[in-house]
Every structure is written in structure tokens, then in C-alpha cells.
Amino acid sequence: SSGPMSSKSPIVITRASRSIELPWTYVDREIERELQHRWDEGATRVALVGDGGVGKSFVARRVLGDAITVIDSRPAVIVFVEPATSTTITEAYAAAAVRMGLADPDPAAGAAGSNQRLAKEFIGALRVTENPWLVILDNVGLDLADDAVSEDDALAELLRQGLLPPDSSVGRTLITTRQLSNSLKRLTRVLAASAFAEPEALAYLRQHEHFANESDDDLRDLASEVDRLPVALSIVVATMDNEGVSASEWLQRYRAGSLEDLDVSDPDGYPVVIGQVWRVALASAARGEPTAGMVQRAALICAVLAPSGHRADIWVTDAIQDYLWQGAEHPRTESRPWVLRRLQEYSLISLASAPDAASPRWSEQIISMHRLTARAIQSECSDDQVGECVQACADAFYATLSEAPEKIRIDVENLLAL
């Protein structure tokens, strides 16, 4: 039909704390074929449900990438939100409504009020359009503390707020979450997501040149040791590649550590292996650090500010620099700190462009960390260490407040949370 949703080039709106680019080593998975089967059967809302670290977000990004690049079946409107909270979903829908020409922002209503009105316009347009659309809500319920809603009730709450996309013959909604709730079973077609199958793990590792001379048996042992968790394997691969070690050498380092003292009480299904994988990576990344403990302190900053991430410009503030260097003499610089590059090289953090970034400068990017990695890092630190880090982060956010409205909102929310 004619109207604001008709377009040869799709309208693409993304709100993501982590990079939405797929790694070149991404491997086809059975869960993707099952998802396509559900679409082919006529399902309009599908939910991937599984523990953290099994690759649900990778699948969501693969769906996004295919939607953008496969021209013959490309939707007219694509919205991707991660983490999918009431606030981030509303912001993304509002941005889509403006891009579609449905309505203009209303400064008199304030940012929140204007976004809510625009989001309703967007959902209304999805109900009546004849043009195809795709909405991906990644990590639904990951952080709904602003609405005092438990993750188990997250989908019902989104429905109550009018933020759940409609059941439409021309639209598709993909949801990823950790908890299987009654509302999820009632409102979506549920697919159980799990770790790599053995052939998938082997294929994932084989795509790295580093493993060209490794036997299949050695790679199977390596994958099995970390329960074939995609997030664990990505850190393992980065560590081995940076250190130039073999599978057997990495396993020696891994097995030399103790799992007994790792916190396993996390109600969200925190896999203990992530903690030990992180320990090995951190010990490797810390080699050559300018001052003792800098890499661990930098990792703790990212962990404290996970999962929604934070803007990179806080890393050049006096508060963060003083915390990292702990009184040691150091040069003041506006360039990306060595320690950030180090964490990124070892796949402990990711960087993505901020929604309000006017240029690709590193300081305007969003730094984030997988919540399981963040959970592992925080479990290693004392309350005093976490408290010192939180104080430094709060001071840094206070120092970076400016007149840019989006920047103020992100910084103030982080500051109040801390």
C-alpha cells in the first residue's frame, strides 16, 4: 500500500549496547533452521529462550543481517533493540515513527512523553500496513528495573504498555530471553536455545586459521571443557590467538585454576566455566600492563556498567584515569587507552557506535561486556574493590554531563544507578 511505510530501501533502526556486526567466524546453527521453519509455518512471533552465553544474540544479529542484505525478501521497516527494556524499545519505536513520517517529536511533552506518543503511532502503523516489517527485541527482561518488573513478567508488561508488536500476517517479531514465562508461551512460538552442538563447535573453531594444525580430537576436548558455550569459546579463541598457544597449552592453563571458589549462586544460570575462562583471559591480557592491576580495574569498570554499556568518553576523565593508574605517574591523553584495546583484543568487551554519534571517533562509541563475563569479573572482587570502582564511575559520569539531550539521559541514568 502507499504511505509512509512504502520504501525501496528499508528503514533500519537499531538501539544496541553491543556491536551488531557478525564476527566472520559465525557458523550456521540448527537453531537458525528451526527458526526459519517456524517462519515458514506462518508464525509471526518467535521467542528464543535459553541460558546466558548460548548464542541467542548471535542468532538475533544473523536475522538482522539477513533482513538487511537479502534484497528479494527485505522488510520495509526493521527495528533491532538490545537490551530490550521499556525505555530502549520506546526510543527505537519513536525513532522509527519519525523516520517513517508518521509524526514529529513534541518538545513540549518532554523526551519521554514524546517518545511514548511516537511509539504508539509506530505500533498503530504496524497493525494496518500491508508492507513487511521485522522487529527484533534482544534480551527482553534483561533490565526492567525501571518498571519494577521481574523478567518472568517482562513480556506481559510490554504487552500492557502497548510495546509488543502486533500479530500480523506481514510482520515478524523475534524475541530473545532467558526465562520461559506463561505470557511467553501464550503470545509467541517458543524455541529452546542451547550451546553449540559438537559439529557446530568444531566448525566454529575450524574457521580460525590458528587451529589449522590442531586435530579434531583436541578441538573437541577444548570445546567440551567449556561446555561448548559460544561466549566462552569466543574468549578462548581470542586468548589463544593473542598468546599463540595450542589447544593443549590453553587447556593446561584452564585446568590449573580452581573452580571451587567461583560463585555459583547466581539465579540467572551463571555457568561456572565462564569465570575460569575469564581468569585465563585476564591473566594473559594483563601481561605488560603499565601498572599492576590496571587490566583488572578496567575490566571491573566494564562489568559494573554492564549490560547496557557506557559511552567511551568517560575513559579520558580524571576520575577513571586516576582509578586505573592508582597514583602512578601517567600521561594525560585523549586517545583510546591501551587497556581498552587490550580488553577488546581478548574479546572481553565490544564497542559499538552510539545512537547519537556524529562521527566514528572512539570516544563516541558504546563499550559493553557480556553479562556473564561481567558476572564472573564482579565475583572475583571484594565489596571494597567494587565500591571504589563505582565511586570512580559516578565521578566520571558527573564530569561528562553536557548539553546534548541524549548524552545527558545516558549519563544521568548511569549516575543514578551507581
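Mentor: Let's start with a term we will need: a contact means heavy atoms within 4.5 Å. The model is predicted: local features need pLDDT of at least 70, side-chain atom pairs count only at pLDDT 80 or more, and totals for chains, interfaces and linings use all residues. Residues are numbered from 1 along each chain as its sequence is written, while side-chain values use heavy atoms, with hydrogens and water left out.

Trainee: Thanks! How many helices and strands are there in the chain?

Mentor: Both are DSSP runs, numbered from the N terminus: helices are H or I with at least four residues, strands are E with at least two. Counted this way, the chain has 17 helices and nine strands.

Trainee: What percentage of the residues in the chain is buried?

Mentor: Buried means under 20% relative accessible area, exposed means over 50%, and partly exposed lies in between (1.4 Å probe, protein chains only). The chain has 418 residues, and the buried share is 51%.

Trainee: And how much accessible surface does the chain have?

Mentor: Accessible areas come from the Shrake-Rupley method with a 1.4 Å probe; for residues, only the protein chains shown count as cover. Carbon and sulfur atoms hold 47% of the chain's accessible surface, which comes to about 18400 Å².

Trainee: Which residues does W315 touch?

Mentor: W315 is among the residues with the most contacts inside the largest core. Leaving aside residues up to four places away in sequence, W315 touches A298, I301, C302, H310, I320, Q321, L324, P337, V339, L340, W362 and I367.

Trainee: How many residues are in the second, separate core?

Mentor: Look for A47, V81, F122 and W133, which are included in this second core. The size of this separate core is 36 residues.

Trainee: Is strand β5 largely enclosed or open, and how many of its residues are buried?

Mentor: Strand β5 covers residues 171–177 and is largely enclosed by the rest of the structure.

Trainee: Which strands pair with β5?

Mentor: Two strands pair if DSSP finds at least two bridges between them. Five bridges join β5 to the parallel strand at residues 45–49, where L48 has T176 as its bridge partner. Five bridges also join β5 to the parallel strand at residues 133–137, where L137 stands opposite I175. The names are β2 and β4.

Trainee: Now for charges: which helix holds the salt-bridge partner of E82?

Mentor: A salt bridge is a side-chain nitrogen of Lys or Arg within 4 Å of a carboxyl oxygen of Asp or Glu, and the whole structure has 18 of them. E82 meets R61 at 3.7 Å, N to O. The two are 21 residues apart, with E82 in strand β3 and R61 in helix α2.

Trainee: Are D313 and R311, which form a salt bridge, buried or exposed?

Mentor: Their closest N and O atoms are 2.7 Å apart. D313 has a relative accessible area of 12% and R311 has 6%, so by the cut-off the state of D313 and of R311 is buried.

Definitions and conventions: Core = buried A, V, L, I, M, F, W, Y, C linked by side-chain atoms within 4.5 Å.
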